[in-house]
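Dear colleague,

Please find below the structure that I am handing over to you. My notes on what was found in it follow directly after.

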Amino acid sequence: MSRWILHVDLDQFLAAAEILRHPELAGRPLVVGGTGAPGERTVVATASYEARAHGVTSGTPMRLARRRLPDAVFLPADKPYYESVSDDVMDTLRATGEPVEVIGWDEAWVGTDGDPRALAERIRHDVRSRTGLSCAVGIGDNTLKAKTATGFAKPGGIHELTARNWFATMGARPTDALPGLGAKTAAKLAELGITTVTELAESRPGVVAARLGPRMGPYYVSLARGMGRTELETGRYVPRSRSRETTFAEDITDQDVLRAEIVELAHRVAEDVAFEDRDVARVGAKVRTTGFHTRTRSAPIELPGRDGHAIAAIATTLLDELAPTRPVRLLGVRAEFVEA
DNA sequence: TCTGGGGTCCTAGGACCC
DNA sequence: TCTGGGGTCCTAGGACCC
């Protein structure tokens, strides 16, 4: 358990990583995402601040981004490269000697019993000098407050949220300002007459549970009250599943093409599984048709294993069972590992 | 403006069992 | 015959995150 939790969040990570190896792109609108193929049906992964100023942000459809910013630099996402840059950042954080929990490529929590401001300054300095990247640091008395604080620190600053200023800062904000509480849940809460963080914090967990579930209801109330973890998970990440999915440039109706595609996806999943060196207990298939209607189906493997043909056979059967009747825009295959 | 890919965890209903 | 009350497992879908 740590007295203080710091949340470290890299600024415009993918764009910043590209600028590291293409310094001439600094200051230009830069959009990273997809494979770079023209006309592909994908979205922006990261837009530089210059691009965001023109309304292009993470999640913007790539075709719209190209229309809005015809003169921007568009780069395909280079996952292995970002992973290696991310590893350098995480190693820099671990070099502080403090416990580190990695949340994603560009985010981590760091715990400390020492001076959190001094540590935040040191992290910003070390990350910049060792990787060339800028980051924002949120300081809190738990994980939730630290992560929430980062929102006020971006870009590149430091902000502190504790029990002392939690309600003064967050109380009047809408419930979906809380990390982990999104638009759908905010809408359901609004039906209960709960629209602000303070209102959610003061509501009875049982009332919220009746609408949002026995675990999630009380959990949302605890979020509003500023509750979070003070213990970090510093161990190696053990994945529960591996999946691959593809959105086709054009919707597919041909059954033979669909079967060939799902077999291809299954074998890619099998490669990822082999890399993990663990057995698969369950295989899932996903089909998204015109209109964004998504259906999934899954089944256990009779004898848990990692054979690509076995995974492909189940995936194909699941696809047959899903029997899409409308044109298919996406196919996916997922493998669930046996419990570690 | 037709809306990625890769994950995690929770919910609810039905099956099944005692 | 019109009927219980737990408990657990399985499955599809939902919500959310980066």
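The surface near DNA strand C comprises 8 charged, 5 polar and 4 nonpolar residues. Please bear in mind that this is a predicted model. Of the 17 residues around DNA strand C, those that come nearest are Asp106, Lys147, Gly180, Gly182 and Arg282. Two elements, helix H8 (183-191) and strand S11 (293-305), each contribute at least two residues to this surface. The most comes from S11, which gives 5 residues.

- Lys147: an N or O atom of the side chain is 2.5 Å from a phosphate oxygen of DNA strand C.
- Gly182: here a backbone N or O atom lies 2.6 Å from a phosphate oxygen of DNA strand C.
- Ser298: a polar backbone atom is 2.8 Å from a phosphate oxygen of DNA strand C.

I turn next to the sheet. Five strands build an open sheet with mixed pairing, and their order is S5-S6-S1-S7-S8. Strand S5 (100-104) and strand S8 (158-161) are the edge strands, each pairing on one side only. From one strand to the next, the twist averages 20 degrees. Within the sheet, strand S1 (residues 4-10) pairs with strand S6 (residues 107-112) over 6 bridges, in the antiparallel sense. One of the residues involved is Asp9, whose bridge partner in S6 is Glu107.

Helix H4 (residues 79-94) touches S1, S5 and S6, and its direction makes about 155 degrees with that of S5. Helix H5 (residues 116-131) touches S1, S6, strand S7 (135-140) and S8; the angle between its direction and that of S7 is about 165 degrees.

Is Asp9 buried or exposed? Asp9 counts as buried because its relative accessibility is 6%, under the 20% cut-off. Leaving aside residues up to four places away in sequence, Asp9 touches Asp106, Glu107, Cys135, Ala136, Thr150 and Lys154. Among these, Asp106 is also one of the residues that come nearest to DNA strand C.

The peptide bond joining Lys154 and Pro155 is cis, with omega about -10 degrees. Pro155 is found in the loop between helix H6 (143-153) and S8, and S8 is an edge strand of the sheet described above.

Gln12, a residue other than glycine, has a positive phi near 35 degrees. Gln12 is found in the loop between S1 and helix H1 (13-21). With a relative accessible area of 16%, Gln12 is buried. Ala323 is likewise not a glycine, and its phi is positive at about 35 degrees. The place of Ala323 is in the loop between helix H13 (308-322) and strand S12 (328-337). Ala323 counts as partly exposed, because its relative accessibility is 43%, between the cut-offs of 20% and 50%.

With kind regards

Note on methods. Residues are numbered from 1 along each chain as its sequence is written. Chains are lettered from A and ligands numbered from 1 in the order in which they are written. This is a predicted model: local features need pLDDT of at least 70, side-chain atom pairs count only at pLDDT 80 or more; totals for chains, interfaces and linings use all residues. Side-chain values use heavy atoms; hydrogens and water are left out. Two strands pair if DSSP finds at least two bridges between them. Helices (H or I, at least four residues) and strands (E, at least two) are DSSP runs, numbered from the N terminus. Axes are lines fitted to C-alpha atoms, for helices over the stretch in contact, and angles run from 0 to 180 degrees between N-to-C directions. Contact means heavy atoms within 4.5 Å. A residue is near a molecule or strand if one of its heavy atoms lies within 4 Å of it. A polar contact is a pair of N or O atoms within 3.5 Å; within protein, one must be able to donate a hydrogen and the other to accept it, and residues adjacent in sequence count only if both atoms are side-chain atoms. Ala, Val, Leu, Ile, Met, Phe, Trp, Tyr, Cys and Pro count as nonpolar, Asp, Glu, Lys and Arg as charged, and the others, Gly among them, as polar. Buried means under 20% relative accessible area, exposed over 50%, partly exposed in between (1.4 Å probe, protein chains only).
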